[in-house]
Structure formats: C-alpha cells, structure tokens
Amino acid sequence: MKSEFNIQQVPLRDYMSIISERCYYAGWMNNLEYILWHSTSAGPRNYGHDFITAKDILTLSKMATASNSWIIFDGLLGEIAISLKEWELKYHNDLIRKSKILLEG
C-alpha cells in the first residue's frame with residue numbers, strides 16, 4: 001500500500017529516488033533517507049558508484065523546506081512523507097539506536 005503525497009512532496013520523493021537509481025540502480029536504497037539527510041548538513045559525498053553532489057543537496061533542501069517534509073521508507077507502507085519535525089526526531093533517535101545507519105548498503 002502506497003501513501004498519498006501532496007503536490008509538494010511528489011518532487012521530493014522522485015528526486016530522492018533518482019539519486020538512489022543514479023548511485024545504486026535501486027529505486028530506494030536501504031537507508032537512503034538517512035544518507036541524504038546527513039548529506040544536507042555534511043556536504044557532498046561518495047554514494048555507491050556515483051556522488052551526492054552540492055546541487056543534489058541544494059535541491060533536496062529546497063524541496064524539503066517547501067514541502068515541510070521528508071520521505072522515508074516504511075516496511076509496511078513503502079515510501080511515506082513525514083513532517084520535518086517528526087523526521088528530525090526520528091533521525092536523531094535512530095542514529096543513537098543504530099550507529100551504522102549512515103554506512104552505505
């Protein structure tokens with residue numbers, strides 16, 4: 001079952017997926033949402049066989065701000081959008097619980 005996205009969330013979801021496809025040939029690589037979010041503060045990085053670029057980071061940041069959301073993968077629902085406030089709390093808590101979440105693959 002797929003979650004419904006609003007008109008501002010669709011481009012963010014699609015762009016995140018494009019980066020995943022470009023770097024891993026996968027529509028949504030495991031932990032993609034964490035890697036991309038980390039990159040928005042840490043800067044460009046190698047990812048798979050390509051890079052998360054400064055342009056990618058700027059685009060993701062603008063889209064997240066415009067939609068006030070981040071897209072995550074839920075094991076039951078697939079790709080879903082959550083508010084930036086919810087995401088920041090989840091991101092922080094998950095980094096504490098799963099220290100290797102920012103490693104590729």
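Predicted model: local features only at pLDDT ≥ 70, side-chain atom pairs only at ≥ 80, totals over all residues.

Analyst: Residues are numbered from 1 along each chain as its sequence is written, and side-chain values use heavy atoms, with hydrogens and water left out. Exposed means over 50% relative accessible area, buried under 20% and partly exposed in between (1.4 Å probe, protein chains only). Helices (H or I, at least four residues) and strands (E, at least two) are DSSP runs, numbered from the N terminus.

User: Which residues of helix 4 are buried?

Analyst: Leu84, Trp87, Tyr91 and Asp94. They cover an arc of only 90° around the axis, so they lie on the same side of helix 4; the arc is that of the directions from the helix axis to the C-beta atoms. Their cover includes helix 2 (32-42), helix 3 (54-67), strand 3 (69-74) and strand 4 (78-83), where contact means heavy atoms within 4.5 Å.

User: Why is tryptophan 87 called buried, and why tyrosine 91?

Analyst: Tryptophan 87 has a relative accessible area of 0%, so it is buried. Tyrosine 91, at 11% relative accessibility, therefore counts as buried too.

User: What makes tyrosine 24 partly exposed?

Analyst: Its relative accessibility is 23%, so tyrosine 24 counts as partly exposed. Tyrosine 47 is buried, because its relative accessible area is 1%.

User: Why is the pair of tryptophan 87 and tyrosine 91 called tilted?

Analyst: Rings of Phe, Tyr and Trp (its six-membered ring) pair if their centres lie within 6.5 Å; planes under 30 degrees apart are stacked, over 60 edge-to-face and the rest tilted. Tryptophan 87 and tyrosine 91 are 5.7 Å centre to centre with 50° between the planes, so they are a tilted pair. Being four residues apart in helix 4, these two are separated by about one helical turn.

User: What makes arginine 13 a charge over the ring of phenylalanine 5?

Analyst: The rule asks for NZ of Lys or CZ of Arg within 6 Å of the ring centre and within 35 degrees of the ring normal. The charged end of arginine 13 is 4.8 Å from the centre of the phenylalanine 5 ring and sits over it.
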